[in-house]
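Visitor: Hi, I'm new to this one and would like a short tour. Could you put it up on the screen?

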Amino acid sequence: MADALNLLLQVRGLKLGMLPTKGRCLFAARRFLPGEAVLDQSPYASALNSTGKRCDGCYKEDCKLQECSLCKSVWYCSKACQEQEQVIHKYECKCLSMLMAEKGRELTPSLRLMLRLLIRKCLEKEMADSVNPFDAYELVELLPTHFEETSEQQLILYAQMANLLRITYNYGELGNVDIKEITHNFCRFACNAHTITDAELRPLGIGLYPVISIINHSCQPNCILLFEGKKAYVRAIQEISEGMEVTLSYVDLGDNTLTRLQNLKLQYFFNCVCPRCLPKATSDKMLDNDHMEGFLCPIPKCKGLLITNQEYSEKMLCKTCGKETDKSKVLDKLKSFDCYLDDGLRHLSIGNLGRAKQAFEKLDQVQTSLLQKSSLHRIKTYDNLLKICMAMEDWVSALVYCHKAIKVYERVYLPNHPLLGLQHYTCGKLEW
Ligand SMILES: C[S@@+](CC[C@H](N)C(=O)[O-])C[C@H]1O[C@@H](n2cnc3c(N)ncnc32)[C@H](O)[C@@H]1O
């Protein structure tokens with residue numbers, strides 16, 4: 001299997017490698033230019049977030065959809081999509097119908113993903129593409145589980161989900177499944193599955209792509225993951241020279257370093273040491289992070305930019321007045337305003353736009369006293385205010401927040417990053 005996989009990767013200009021701190025990785029065996037597709041793969045298994053709105057085959061919406069007459073829980077845009085999906089759905093359909101009839105329940109997207117993975121594994125030998133090493137269950141088994149590091153509470157939850165899954169799977173009369181294997185696979189999903197997005201990078205579903213999952217994380221990635229339907233494409237967003245590791249970001253690059261590090265540790269069980277997380281000082285002793293974080297000196301008349309003290313990283317120095325400040329104090333003050341963020345998000349989730357706008361405007365106001373205009377801590381504030389103003393059809397204010405957000409996006413994302421492009425696109429539409 002490893003030889004066959006290596007051969008397929010070689011054809012695409014890639015090479016499988018192993019690093020002691022990261023495990024398996026993908027290296028470029030030739031130069032890739034920005035925009036070039038480095039790798040593509042169809043999912044071993046995938047599931048839509050909400051069925052009934054999109055075709056289960058091609059994930060298209062805004063077309064005439066026909067529901068499966070038996071389970072009435074999946075929809076297709078054409079005979080071709082239905083036939084292509086039938087191999088798996090034939091069994092899944094029985095499972096979903098019986099689960100509804102016997103327990104009055106539907107499966108969540110991650111449970112459905114697991115069901116489809118188990119059915120596919122069982123059918124692998126009968127399926128025409130089973131010989132393709134890009135599409136073998138063996139590759140799924142090679143993905144890390146981090147089982148030992150997963151909390152007991154989480155494992156109990158996975159075991160309960162596995163139990164429901166076993167009952168559901170048995171309705172399909174495909175033979176037995178092992179609860180332990182399902183639990184391990186839930187652990188695998190947590191640190192290997194990818195969110196499938198549409199052209200505007202909005203989440204549509206979840207998929208497992210065992211070759212793409214070999215790609216490790218960096219907070220300064222050289223690639224991005226995009227989707228056409230459920231097929232995934234890894235595209236270079238900067239030049240990748242021969243011998244370089246191919247990387248993707250597993251987390252939101254608009255999050256600050258502390259949040260990114262915490263999220264990576266919590267979900268993927270590693271400490272990121274990429275250049276953005278462990279930056280080296282530039283010539284004027286200013287870290288890239290200091291530019292991005294954009295903390296202002298707390299002395300009212302000064303408001304200079306704070307930079308990390310190279311000798312003692314817990315302290316920050318003002319570039320203007322030279323006074324020292326505890327970094328933790330600055331961060332604590334910033335955190336104390338999270339109540340406005342929570343308040344805004346809560347009102348937004350129940351559609352109370354007026355109250356949500358008030359909360360985010362207050363947050364914007366208090367952040368102004370602590371942070372530069374283009375500090376990355378303000379990205380969520382601007383994004384939410386933009387969203388709210390658009391929903392309220394206040395196009396003038398929306399445009400103001402869109403411009404403010406672009407300034408932060410330009411700092412956080414590389415010029416070729418689609419999120420930056422999308423923000424310019426929104427701005428263009430608002431200008432119009
Ligand atoms: C999707 S897998 C990536 C492939 C994995 N290296 C393997 O051996 O199959 C994610 C896991 O890889 C490891 N990993 C990914 N990026 C890493 C990084 N930048 N530093 C250390 N470990 C990393 C972590 O164990 C993480 O949970």
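This is a predicted model: local features need pLDDT of at least 70, side-chain atom pairs count only at pLDDT 80 or more; totals for chains, interfaces and linings use all residues.

Visitor: Okay, which residues are closest to the ligand?

Guide: The ligand is surrounded by 19 residues, and the closest of them are Gly 23, Arg 24, Asn 216, Tyr 268 and Phe 270.

Visitor: And which elements give two or more residues to that shell?

Guide: Those elements are β2 (23–28), α6 (179–192) and β9 (216–217), and the largest share, three residues, comes from β2.

Visitor: How do the shell residues divide into nonpolar, polar and charged?

Guide: Nine residues of the shell around the ligand are nonpolar, eight are polar and two are charged.

Visitor: Switching topic, what span should helix α11 have?

Guide: Helix α11 covers residues 353–370, and at 1.5 Å a residue its 18 residues should span 26 Å, which agrees with the 26 Å between its end C-alpha atoms.

Visitor: Which residues of α11 are buried?

Guide: The buried ones are Ala 356, Lys 357, Ala 359, Phe 360, Leu 363, Gln 367 and Leu 370. They cover an arc of only 165 degrees around the axis, so they sit on the same side of α11.

Visitor: What do they pack against, and what is on the face turned away?

Guide: The buried residues of α11 pack against α9 (327–335), α10 (338–349) and α12, whereas the face turned away from the buried side carries the exposed residues Gly 354, Gln 365 and Ser 369.

Visitor: Now the loops: where is Phe 269, and what about its phi?

Guide: Phe 269 is in the loop between α7 (257–268) and α8 (288–293), and its phi is near 60 degrees, a positive value in a residue other than glycine. That deserves a second look, because most residues other than glycine have a negative phi.

Visitor: What about Glu 393, where is that found?

Guide: Glu 393 is found in the loop between α12 (379–391) and α13 (395–412), and it also has a positive phi, of about 60 degrees, although it is not a glycine.

Visitor: Is Glu 393 buried or exposed?

Guide: Glu 393 is exposed, because 7 other C-beta atoms lie within 10 Å, and 12 or fewer counts as exposed. Phe 269 has 14 C-beta neighbours inside 10 Å, so Phe 269 counts as partly exposed.

Technical notes: Residues are numbered from 1 along each chain as its sequence is written. Helices (H or I, at least four residues) and strands (E, at least two) are DSSP runs, numbered from the N terminus. A residue is buried if 20 or more other C-beta atoms lie within 10 Å of its own, exposed if 12 or fewer, and partly exposed in between; C-beta atoms are placed from the backbone. The expected span of a helix is 1.5 Å times one less than its number of residues. The arc is that of the directions from the helix axis to the C-beta atoms. Two residues are in contact if their C-beta atoms, placed from the backbone, lie within 7 Å. A residue is near a molecule or strand if its C-beta atom, placed from the backbone, lies within 6 Å of it. Ala, Val, Leu, Ile, Met, Phe, Trp, Tyr, Cys and Pro count as nonpolar, Asp, Glu, Lys and Arg as charged, and the others, Gly among them, as polar.
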